[in-house]
Amino acid sequence: MTVKQIDVAQEQVTAANVSIYTAPTSANFESASITYANCVNVGTVDTDLTINLVQVSGSAAVTNQYLPPTTIYAGSANPLTPIVGATLKAGDFINSIGSLASNLNLKITVREIYTDA
């Protein structure tokens, strides 16, 4: 088994829904899980963050919001604990959107597991 830690950083989360990580689709890929997530509001206005965990070939929708619109207060951080531990399969992806562009900096760490065959 091979384990890789992938850091996904999105500085200045956009006000458009954007895919920030896609789980690999290679033959030896087993799964991925979120081991760390944090968002910092560097702006002066409270800003909402929404995270969708979308199954392969799907699209972001209310039905796959794992972090519904959550207020990140101006000048503070939020550890985003509701998404830590979430598992993704091959081709699944993470989307993010901020209610205001450029206020939020987002960091997520994903652990990918591969078979050694």
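Buried means under 20% relative accessible area, exposed means over 50%, and partly exposed lies in between (1.4 Å probe, protein chains only). By that rule G85, at 49% relative accessibility, counts as partly exposed.

This is a predicted model, in which local features need pLDDT of at least 70 and side-chain atom pairs count only at pLDDT 80 or more, while totals for chains, interfaces and linings use all residues. Residues are numbered from 1 along each chain as its sequence is written, and side-chain values use heavy atoms, with hydrogens and water left out.

## The whole chain

The protein chain has zero helices and nine strands. Both kinds of element are DSSP runs, numbered from the N terminus: helices are H or I with at least four residues, strands are E with at least two. From the N terminus on, the order reads β-β-β-β-β-β-β-β-β.

The C-alpha atoms fill a box of roughly 50 × 25 × 20 Å along the principal axes. A compact globule of 117 residues would have a radius of gyration near 13 Å, and the chain agrees with its 14 Å. That radius is taken over C-alpha atoms, and the globule rule is 2.2 Å times the number of residues to the power 0.38.

Of the 117 residues, 40% are buried. The accessible surface comes to about 6,000 Å², and carbon and sulfur atoms hold 53% of that surface. Such areas come from the Shrake-Rupley method with a 1.4 Å probe; for residues, only the protein chains shown count as cover.

Contact means heavy atoms within 4.5 Å. Among contacts with a separation of 6 or more, 82% join residues 24 or more positions apart.

## Pairs of side chains

A salt bridge needs a side-chain nitrogen of Lys or Arg within 4 Å of a carboxyl oxygen of Asp or Glu. The count is one salt bridge. K107 makes this bridge with D7, and their closest N and O atoms are 3.7 Å apart. The two partners sit 100 residues apart, K107 in strand 9 (residues 104-114) and D7 in strand 1 (residues 2-11). K107 is partly exposed, at 34%.

Rings of Phe, Tyr and Trp (its six-membered ring) pair if their centres lie within 6.5 Å; planes under 30 degrees apart are stacked, over 60 edge-to-face, and the rest tilted. There is one aromatic pair. The rings of F29 and Y114 have centres 5.6 Å apart and planes at 70 degrees, so they meet edge-to-face. F29 is in strand 3 (residues 29-41) and Y114 in strand 9, so the pair ties together parts 85 residues apart in sequence. Both F29 and Y114 are buried.

Y114 has another neighbour: K4 lies over its face, 4.9 Å from the ring centre. A charge sits over a ring if NZ of Lys or CZ of Arg is within 6 Å of the ring centre and within 35 degrees of the ring normal.

## Single residues

T50 belongs to strand 4 (residues 47-54). At 8% relative accessibility, T50 counts as buried. Beyond four places away in sequence, T50 touches residues including Q65, L67 and I97.

G85 lies in the loop between strand 6 (77-78) and strand 7 (87-88). G85 and T35 are 50 residues apart in sequence, yet 5.9 Å apart in space, C-alpha to C-alpha.

Most residues other than glycine have a negative phi.
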